[in-house]
Structure formats: C-alpha cells, structure tokens
Amino acid sequence: MMSEHVLDSRHTSSIRRITEHGLRWRVMVETWPEQDAYRGRLLFRREMADRVEGERIEQDRESAAVLYGHSRNDVVASAHDVTEDQLRRVLYSLG
C-alpha cells in the first residue's frame, strides 16, 4: 500500500508556458515526498488550442526526477529558476 500513498501525495503546479516549433506547451512541475526530502520532474503538456480533432498530436512529455529540495516549495522554486532556453532543451531531449 506504500505506492498508493506516494501517488496520493504527488502535487502538480504550473510554472509557465513556452512555444517551441510553433506549438504551445504548458510547463508544470510534479513534486512528491521521498524519504526526508522532495523530488520533482518537469511535465510538458500541449495547449488545448493546438489540439485539432482527428490530427495526430505529439505526445505530452515528462522528464525524469531532475529536481530536489528539502520541501515542496524548494522544488517548485527550483523549477521556476529553470530558464526558458533550458526548458526548451529538456523538451527537445524528450522527443
């Protein structure tokens, strides 16, 4: 039942929007407790306005757990510190 507890304690926060290759992405950070600290990963979600019915849409993308902090707020603050160029590089690296 431990895995259910971890899934229930995940939290997602929007941090900004970026445009890459003409597509708009909402960038979020997902955080969760891990032992005595918090971990986080970046999530990239296509904006709904870019989604056209019947068109093949690029998959939403998720990074590995790349952020770390002593609190959830530390992780979210670290995500806000990632520059737009760095976010684009992460997005590009994910496919």
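I began with strand 3 and strand 5 (residues 67-69) of this predicted model, and I found that the two pair in the antiparallel sense over three bridges. Within that pairing, I noted Arg 39 standing opposite Tyr 68 in strand 5.

I then looked up strand 4 (residues 61-62), which pairs with strand 3 in the antiparallel sense over two bridges; here Leu 43 stands opposite Glu 62.

Next I turned to strand 2 (residues 23-34), which runs antiparallel to strand 3 and is joined to it by ten bridges. The two strands form a hairpin with two residues between them, and in the turn I found Gln 35 with a positive phi of about 55°.

I also checked how enclosed strand 3 (residues 37-46) is: eight of its ten residues are buried, so the strand is largely enclosed by the rest of the structure.

For side chains, I looked up the salt bridges, of which the structure holds nine. One of them joins Glu 30 and Arg 41 at 2.5 Å, N to O, and this pair links distant parts of the chain, with Glu 30 in strand 2 and Arg 41 in strand 3, eleven residues apart. Glu 30 and Arg 41 are also bridge partners, and both are buried.

Another salt bridge brings together the side chains of Glu 34 and Arg 39 at 4.0 Å, N to O. I recorded Glu 34 as partly exposed because its relative accessibility is 40%, and Arg 39 as partly exposed because its value is 23%.

Last, I looked at helix 3 (residues 84-93), where Asp 85 and Arg 88 lie three residues apart, about one turn of the helix, and form a salt bridge with the closest N and O atoms 3.8 Å apart.

Technical notes: Residues are numbered from 1 along each chain as its sequence is written. This is a predicted model: local features need pLDDT of at least 70, side-chain atom pairs count only at pLDDT 80 or more; totals for chains, interfaces and linings use all residues. Side-chain values use heavy atoms; hydrogens and water are left out. Buried means under 20% relative accessible area, exposed over 50%, partly exposed in between (1.4 Å probe, protein chains only). Helices (H or I, at least four residues) and strands (E, at least two) are DSSP runs, numbered from the N terminus. Two strands pair if DSSP finds at least two bridges between them.
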